Amino acid sequence: MNETSKENKKILEAFEGLRVADIRDGMDWCGYMHYGTVSKEIQPIFRTCKIGIARTWKYLPYQGPMPFLTGEDYTKWAADYYKNINFLGYFDRIEEGDFICLDQCGMDVGLIGSFSGLEAIKEGAVGWVSNGAVRDSDEKILEKGPFWGTGCAQPMGQGRLIWEAEQVPISIGGVVIYPGDVVAADGDGVVVVPRKAAFDVAKYARQELNNDKAGRKNLYESMGRELDDSVK
């Protein structure tokens, strides 16, 4: 394990169990009151909570021209397109705890689907966040494959998107995401923490979470409510 991977592990340990709301509070405590919150247009396909280290992939719209092909000729062209123009990133470079951040220029294309999404999880990714859509959404939900994006779409990527770069700064929902930043996402949306502020943000986020738990636990007890995991 290299030094960056070791630091990634320590960062994720510092953020373990925190909610997006807590992390948003931690950002405020560190002077990032007007930065980090991704646009509400970026929503989960199902509710879950994931925190990871940003691994960025960037795509651009395909400008054409498109060949007029059908049947087996189209099958061959599409295979070549995915191999040489719109390949789905470097899956073999994914590390445990990576949050794949996908800039597809807001194109309403399901670049990630049930197979590719699950393949990334197999390699160690915790989830996906994109300024585009997802496809095979019913299967993605059954697979419990976390995805935050603009919604669901039918089209595939061939003839619509081209691969541009990996591990470069990208923008999703009005927030610049640099490789190595911390990405947290749950039902409240997505927040991005600059890597340089990660440990300080986690410290104050933890403070807010602990205060919230203690306060709500007192309320539960005064109301005679059974304690649940959110206050224990």
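## Starting with exposure

A residue counts as exposed when its relative accessible area is over 50%. Lys144 has a relative accessible area of 65%, so this lysine is exposed. Keep in mind that we're looking at a predicted model. Lys144 sits in the loop between helix 5 and strand 7 (147-149), and its phi is near 60°, a positive value in a residue that isn't glycine.

## The chain as a whole

Six helices and twelve strands make up the secondary structure of the chain. The C-alpha trace spans about 70 × 40 × 35 Å along its principal axes. Of the 232 residues, 44% are buried, and the chain exposes about 12,200 Å², with carbon and sulfur atoms supplying 51% of that area.

If you take the contacts between residues at least 6 apart in sequence, 77% of them join residues at least 24 apart. As for charge, there are 27 positive and 35 negative side chains, and the centres of these two sets lie 3 Å apart.

## Two nonpolar cores

The largest nonpolar core has 19 residues, and those touching the most other members are Phe15, Leu18, Ile23, Ile51, Val182, Val193 and Val201. At least two core residues come from each of helix 1 (3-15), helix 2 (20-29), strand 2 (50-61), strand 11 (182-186), strand 12 (189-193) and helix 6 (198-223). Helix 6 is the top contributor, giving five residues.

Setting aside neighbours within four places in sequence, Val193 contacts Phe15, Ile23, Met27, Asp181, Val182, Ala198 and Val201. There's also a second, separate core of 18 residues, with Ile94, Ile112, Ala125 and Trp163 among them.

## Aromatic pairs

Searching the whole structure turns up eleven aromatic pairs. One of them is Tyr59 with Trp163, an edge-to-face pair at 5.3 Å centre to centre and 85° between the planes. This pair ties together distant parts of the chain: Tyr59 belongs to strand 2 and Trp163 to strand 8 (residues 161-166), 104 residues apart.

Tyr74 and Trp77 make a tilted pair, because their planes meet at 40°, with the ring centres 5.5 Å apart. These two are three residues apart in helix 3 (residues 71-84), so about one helical turn separates them. Tyr74 counts as partly exposed at 29% relative accessibility, while Trp77, at 17%, counts as buried.

## Helix 4 and what it packs on

Helix 4 (residues 114-123) has Ser114, Ser116, Gly117 and Ala120 buried. The buried residues of this helix pack against strand 4 (110-112), strand 5 (127-130) and helix 5 (137-142).

Most residues other than glycine have a negative phi, and most peptide bonds are trans. A few spots here are worth a look against that background. Gly64 and Pro65 are joined by a cis peptide bond, with omega about 0°, and Pro65 lies in the loop between strand 2 and helix 3.

Gln167 isn't a glycine, yet its phi is positive, about 55°. You'll find Gln167 in the loop between strand 8 and strand 9 (170-172). Its relative accessibility is 33%, so Gln167 counts as partly exposed.

Conventions. Residues are numbered from 1 along each chain as its sequence is written. This is a predicted model: local features need pLDDT of at least 70, side-chain atom pairs count only at pLDDT 80 or more; totals for chains, interfaces and linings use all residues. Side-chain values use heavy atoms; hydrogens and water are left out. Helices (H or I, at least four residues) and strands (E, at least two) are DSSP runs, numbered from the N terminus. Buried means under 20% relative accessible area, exposed over 50%, partly exposed in between (1.4 Å probe, protein chains only). Contact means heavy atoms within 4.5 Å. Accessible areas come from the Shrake-Rupley method with a 1.4 Å probe; for residues, only the protein chains shown count as cover. Lys and Arg count as positive and Asp and Glu as negative; His and the chain ends are not counted. The place of a charge is taken as NZ of Lys, CZ of Arg, CG of Asp or CD of Glu. A nonpolar core is a set of buried Ala, Val, Leu, Ile, Met, Phe, Trp, Tyr and Cys residues joined through side-chain atoms within 4.5 Å. Rings of Phe, Tyr and Trp (its six-membered ring) pair if their centres lie within 6.5 Å; planes under 30 degrees apart count as stacked, over 60 as edge-to-face and the rest as tilted.
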